[in-house]
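Open the model in your viewer and keep the sequence panel in reach. The tour goes from one selection to the next.

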Amino acid sequence: MCPLRRRSTLRRFHRTGLVNKGPLLAGTLGAATVALVVAGTLWPAPSAAAYAGAQSMLRSPSTPEAAVDNLADDIRSNSWGKAYASLANKAQFTESDFVRDLNGTYPGLLTYSTLESFQVRPLHSSDTDAEMRMSLRWSTVVGAEVTTRDIHVVKQGDRWVPEWPLMKEAAVPPQVIPVNYLRWDVIYRGAGDDWGTQDVEAPHVRIVDMHPVERAEGVVVMGELLNEDVVPAYVNVTATLLNNNKAPIATEGSFDKISHLLLPKQVTPFLIKFPNVSMSDVGSIRMDPVSSLIAASADPVIEIADEQLHPAPDANLTGQLINQSGQVVNVAHVLGTFYDKAGNVVWVADTYTNGALLPQTPFPFDIHIPEDLAKNVASQRTVISTYSSGGAL
């Protein structure tokens, strides 16, 4: 198995602005957790890649809806040959092209995901053809991911047959991409080294903003963490809610609502959820940022292009990620921090790319913003964390 590498890149938009063994162990365990989560995406156990026990829901394709339902059901059960054979335009591409179009040519978030459910609804229909929208809900290691395809369906005799809208992946031309980036390696004291009890000091990190809000699901603590050191840091943040008597109510961590790897002077947002807790029960909050020194580099560099904030309804942040390195990025985690006019954090939201980022190839992203908070958003900052299995094209 190739080792995973995580890189972090920071871009701004409309805004300028001796290791202690406990933290080291926490950082090491945290890094291992992140690596295992991503490894589950890129190299899962065979049982995770199959739709176990799926019962066929196939019915006669006597309507456009039934034809697309059958296609989605074959995809859910990984019956690729059957799904491909049902297509009216299969002569235009191979079965391998069809499978790659759904799972990706390179390992990514959807490569080993399972199709949890699907919905089909009509957009237009006539006596001879129809347009159907197929929404696929995938189960991934980082939660549900929904993809949508518009399917053209044609009538052949007394049967309806779907045409698959193949999305051709951009071909990366042969080229040489020079790299010139900072890199930090770490040498720890070995068992035979006479360094006394000292080791390399943990990076200095600081919470620069923090405040709680109450949402329908409970209390949410959000803010920003700064690596104010000159070395990279693996970071995490935990919060403990205390009542008026200083007794703990609950303790939670940021887990994936944070960029764990921070290069020097970089900032990451964090968001910590406390389900089923009311602000009226909270007297104070204890914050515990943890950091440990970690080897890192500033590559791959991910450029963020065409960022746009869209107002309510359906408020969101959209843009494109451009991988400027020569290696494939298997999964990218996009974190958006949203501010009001005074520069206060209004919300933190994220998304994962469902396909690999190829060198020099734009990949779209879309981050949803709660409608009731969107009216307060005046600016934003975007942070990208990347996961790679190693190697180049």
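Helices here are DSSP runs of H or I with at least four residues, strands are E runs of at least two, and both are numbered from the N terminus. The model is predicted, so local features need pLDDT of at least 70, side-chain atom pairs count only at pLDDT 80 or more, and totals for chains, interfaces and linings use all residues. Residues are numbered from 1 along each chain as its sequence is written, and side-chain values use heavy atoms, with hydrogens and water left out.

Step back into α4, residues 95–103. Which of its residues are buried? Phe98, Asp101, Leu102 and Asn103 are. Buried means under 20% relative accessible area (1.4 Å probe, protein chains only).

Now show what covers them. The cover includes α2 (64–76), α3 (80–85), β3 (129–140) and β4 (143–156). Contact here means heavy atoms within 4.5 Å.

Next, select β15, β16 and β19. These 3 strands form an open antiparallel sheet, in the order β15-β16-β19. Strands pair if DSSP finds at least two bridges between them. β15 (302–310) and β19 (362–368) are at the edges with a single partner strand each, so one side of each has no neighbour in the sheet. From one strand to the next, the twist averages 20°.

Zoom in on β15 and β16 (residues 316–323): 7 bridges join them. Gln308 stands opposite Thr318 in β16.

Finally, show the whole protein. It has 5 helices and 20 strands. Of its 393 residues, 44% are buried.

Methods
Buried means under 20% relative accessible area, exposed over 50%, partly exposed in between (1.4 Å probe, protein chains only). Axes are lines fitted to C-alpha atoms, for helices over the stretch in contact, and angles run from 0 to 180 degrees between N-to-C directions.
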